[in-house]
Amino acid sequence: MSSYGETGVLAPEDLEKILPREERSRRGPVAILECIEKIPCDPCAYACRVGAIRKRSLVDPPEVDYDKCTGCGECIAICPGLAIFVVDLKSKGNEALLMIPYEFLPKPKSGEIYEALNREGEPVGNARIIAAREMEGRTTVLTVAVKKDLAMVVRNIGRRMR
Amino acid sequence: MHESLDLRLWRHPILDFERGKPVGIYLNGERIVAYEGETIAAALYASGVKVYSRTVKYRRPRGFFCGIGKCSSCLMRVDGMPHVRTCITPVKNDMKIEYEKDLGETPATSEMNVEEEEIETDILVVGGGPAGLSAAITAANLGANVVIVDENPEPGGQLTKQSHKFFGSKENYASIRGTEIAKILLRDLQTANVDWLVNASAIGYYEGKKHHLAVVQNNQRLIEIDAERLIVATGARENMLAFPNNDLPGIYGAGGVQTVMNVYGVKPGNDALIVGAGNVGLIVGYQLIQAGVNVRMVVEATPKIGGYHVHAAKIRRLGVPILTRHTITAAEGDGHVETATVARLDESWQPVKSTEQGIHVDLVCLAVGLTPSSELLFQAGCEQAYVPELGGQVAIHNEDLETTLDGVYVAGDVSAIEEASTAMMEGRIAGANVAMDLGKKTSVAEETKVKSLKDLEALRASAFSEKVQKGKKKVWNLWREKN
């Protein structure tokens, strides 16, 4: 067992099991399902239009077929655990695009810069808002740009930078 | 209390608070603005009132605690009526609210204007939460006459404050917020043609033709209900934790805080400590941040986070520390909590003095478990057992949710501390069983039962349900021994 059950933060060995290979992430957007526990829950599997998410049973953690996943992000706001993110490392520049669920006020607007927070809520850099889309059930899906080396680290935004 | 203070949330990322027209209420003669649809306690809290009562002997101040009419912290005198539960009593224009003097005085009978009524029905459901509503809807749709009573101003139980999206299967409300599920159930209740009474407390089980209950509505209407079958879905009450000054205003049950914050849209505090990292503590932590409260930390006495780790991850990435093997050891404050002391626990669960730290908070949410509200069942004469896996003293029942008293059923948290999704399934099972028991043995009834049992089993397949399953097997065996 990793330290996840004591900290609430996925440990490196947990991430190793769920993250796609780097070459896949470089090919274009892909969903990262940070859901490794047995939870009786299945909406993600129904949300996926290309059938890339599979639940062997209601409680088994979801499995992602990264070759099928298009990184569309339809599963993000559907996930009751807010545990799904989309990472896009395709751009030639130094920036990666991240899609994250967000449920706080004020609602970020495109062009604004926020602190980029890691899984422990610590600021690790900046996040530029590319888009903020309110989805069904009032969860907003933010598309933010962060430095490429932070793509698998950043999972939230913090204070707005001036 | 300040003339201009208004702690209401007028904007929220997820919830819309529908407030009625403004009315004036009077606390010891001082006018306070309230909104129709609010409870007295919520309206007072919104204007900055933190003390609702004082203990009889030492006159210690008491805040609200549970917010759902189950503790007695918020009893006040309202329009001359003593001991009114202000947390479940709606405001009315010109209402006069006073602090209780000593033990309170009974009003003269002539002032009480009591009305009486008698009702006969096939099925009486006590408690309009997820279990009770599901039971009532299921049984009514199968052709039974159903009356449901609930002591809150609105049916829905704890669903009405669950602003997060639910886990579960897609066909059973998964990814829908609890607040929205409550609305769906309410619509189903209306189309199912169930008679429902709100602000109505079942106060006792009496001798009668069959199952005879006394119900008091709006503190002035006595309704005697005689039912062929009784379904008790009274839910649970929040547990207290023992530590010095645990009764200071500002220290509330986590569910009580949810009620004030998510049902009535009142900001419960500025800086919060959460005690308990089960699902309730973790979810309330997230919801407090949505309401603009600074959550300082979550402490959890056991070595592991008890709730789903994705809920923990949500508040961790907001920067909230979760300290396992830590607990609250004391609270301090002048009439209201100002400081909470937390400390690490050693291997034998004793606080380590050198690790004590005081944190400045004006809100402490206790999320340390629940206890089934079984009183009515025990008073009716159902046999009981202490089953720690189910949350304490419960009525012995079988897989069909029938107790040892013929025709009396249970569903939801009163039968085992679990969650709203399983409560809804148990409600459907109880509702179908009772309907069939009354002769509505249709294929639809049978299908509903079989399907709900299957869904319940699927929900209980997670590691979190192991404890409940063990406890359920215990009570089922006890039931077989008794019958």
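Let's start with two helices of chain B, α5 (residues 254–263) and α6 (residues 279–290), which pack at an angle of about 30° with their axes 10 Å apart. Helices here are DSSP runs of H or I with at least four residues, numbered from the N terminus. The axes are lines fitted to C-alpha atoms over the stretch in contact, and angles run from 0 to 180 degrees between N-to-C directions. Angles under 35 degrees count as roughly parallel, so α5(B) and α6(B) are roughly parallel to each other. On the α5(B) side, the contact is made by B:A254, B:G255, B:V257, B:Q258, B:M261 and B:N262, and on the α6(B) side by B:V280, B:G281, B:V284 and B:Q287. Being in contact means that C-beta atoms, placed from the backbone, lie within 7 Å.

A word on the model: it is predicted, with local features needing pLDDT of at least 70 and side-chain atom pairs pLDDT 80 or more, while totals for chains, interfaces and linings use all residues. Residues are numbered from 1 along each chain as its sequence is written, and chains are lettered from A and ligands numbered from 1 in the order in which they are written.

Now look at B:C365. Leaving aside neighbours within four places in sequence, its contacts include B:A254, B:V257 and B:V284. Which chain A helix gives the largest share of the side that touches chain B? First, the totals: 34 residues of chain A are in contact with 36 residues of chain B. The largest share of chain A's side, three residues, comes from α1(A). Also supplying at least two residues each are α4 (43–47) and β9 (154–160) of chain A.

Conventions: Two residues are in contact if their C-beta atoms, placed from the backbone, lie within 7 Å. Angles under 35 degrees count as roughly parallel, over 145 as roughly antiparallel, 65 to 115 as roughly perpendicular and the rest as oblique.
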